[in-house]
Amino acid sequence: MVTACVDLHQSSSDSSAVPIPPPLPSKSDGHKRTYGAPGLGNSCVSTATRDLWDRLFNDGYKADVVIYTDTGNVIYAHANIIGNASTVIKGMLKQAKRHGKWHTISIRGVPHDAVRVFIRFLYSSCYEKEEMNEFIMHLLLLSHAYVVPQLKRVCEWHLEHGLLNTENVVDVFQLALLCDFPRLSVISHRMIVKHFKELSATESWTAMKKSHPFLEKEVRDSVILQENMRKEKIRKRKDQRMYSQLYEAMEALVHICRDGCKTIGPHDKDFKPNHAQCNYEACKGLESLIRHFAGCKLKVPGGCVHCKRMWQLLELHSRLCADSDRCRVPLCRNLKEKMEKQSKKDETRWKLLVKNVLGSKKIGGSPYFLPVTSG
């Protein structure tokens, strides 16, 4: 015994006799499989572990649960596994009568193969892509009915990332509302509104109208609201463009009456043949309008359409002008004095127009016009 102990001690102290430990496993060793869907807190296990769980399910070794499905088929499972994976199934197992060593429960209303994919997921959180594509709607319903949050998130992710389309979106919308999928209901609702004309002629839409008329009305109201908002946005954009053009016209009018432009300007302006090119786009239209206004015999307001427009531009300028005493635009001071005689209704209308025209110049502004006010 002593000799044996001595020999052991000598062997342990001799570094040459110590066996070389195996290398640490690299990150690429072993086969791994991703469970669930990307971005859902994935966990990876070896192929051997996955195969073990699949074999346990497929072979039904020491199974103690019989699951009846439609078409009279059965699926064998283990109470401890599926009961822990779903609290609803656990409650069903407690209420199920035992026939010898077997519990019996039923999962009806969905295809047998969909139930099989569902039960397999309870074992290993594993599924095949083809199965998910085929049974996504049934798995979505089963995940909610039997309270399996992980499968619920997986189904929702796959619908958001490719499986949601115009063929199933109406059904998904109803299911999302009935089964508490708030994010999915919003996404499907947007798709329905976007493709409303196409979807409203489908059988799925007709079925929803019969079974859930309040949902159909809600979607129609949303489509009407969306269309009204779109039209209102277009109207505001057009109005904004009009106000901006009016502001540019007011700047061009001051430019013509103060400095002159090409062949038109104040009476004391001496024009040269090589007059600098004008930077105001509105000058071209204003030049012809001013020439018409100067020579028209019906220049009284309402007598001529073109003159009426010129009167309106002159009055708008007078309301925008910051200093009528020094302004060279014709009739600026006279029109400003006449403002007091206008009706309250007309005055309100002009004030709103002035505010919008000044507001169209977001940055800066002409020193010849009144400053933009927030009121």
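In strand S5, which residue is the bridge partner of Tyr68?

Author: The model is a predicted one, and the values below are computed from it. The bridge partner of Tyr68 in S5 is Ser106. This pair belongs to the parallel pairing of strand S3 with strand S5, residues 103-106, which extends over 4 bridges. Strand S3 covers residues 65-68 and is also joined by 4 bridges to strand S4, residues 74-77, with S3 and S4 running antiparallel.

Ile136 has its place in helix H6, which comprises residues 129-145. With a relative accessibility of 5%, Ile136 counts as buried, because the cut-off for that term is under 20%. Leaving aside residues up to four places away in sequence, Ile136 touches Glu131, Cys155, His158, Leu159 and Leu163. Leu164 is 28 residues from Ile136 along the chain, and the C-alpha atoms of these two residues are separated by 9.8 Å.

His212 lies between helix H11 (203-211) and helix H12 (213-258). Its relative accessible area is 17%, so His212 is buried. The side chain of His212 makes a polar contact of 3.1 Å with the side chain of Ser211. When residues up to four places away in sequence are not counted, His212 touches Gln174 and Leu178.

Helix H12 leads on to the largest pocket. The space in the largest pocket is about 300 Å³. Its lining consists of 14 residues, of which Gln245, Leu246, Ala249, Arg309 and Leu313 are the closest to the centre. At least two residues of this lining come from each of H12, helix H13 (283-295), helix H14 (305-320) and helix H16 (344-359). By kind, the lining residues divide into 10 nonpolar, 3 polar and 1 charged.

Terms used: Residues numbered from 1 in each chain as written. Predicted model: local features only at pLDDT ≥ 70, side-chain atom pairs only at ≥ 80, totals over all residues. Heavy atoms only, no water. Pairing = 2+ DSSP bridges. Buried < 20%, exposed > 50% of the residue type's maximum accessible area, 1.4 Å probe, protein only. Polar contact = N/O pair within 3.5 Å; in protein donor to acceptor, adjacent residues only side chain to side chain. Contact = heavy atoms within 4.5 Å. 1 Å grid on protein atoms, 1.4 Å probe; cavity = no way out; pocket = protein on both sides within 12 Å on 5 of 7 lines; lining within 4 Å. Points joined across faces, edges and corners; volume = space filled by probe spheres on them. Nonpolar A, V, L, I, M, F, W, Y, C, P; charged D, E, K, R; others polar.
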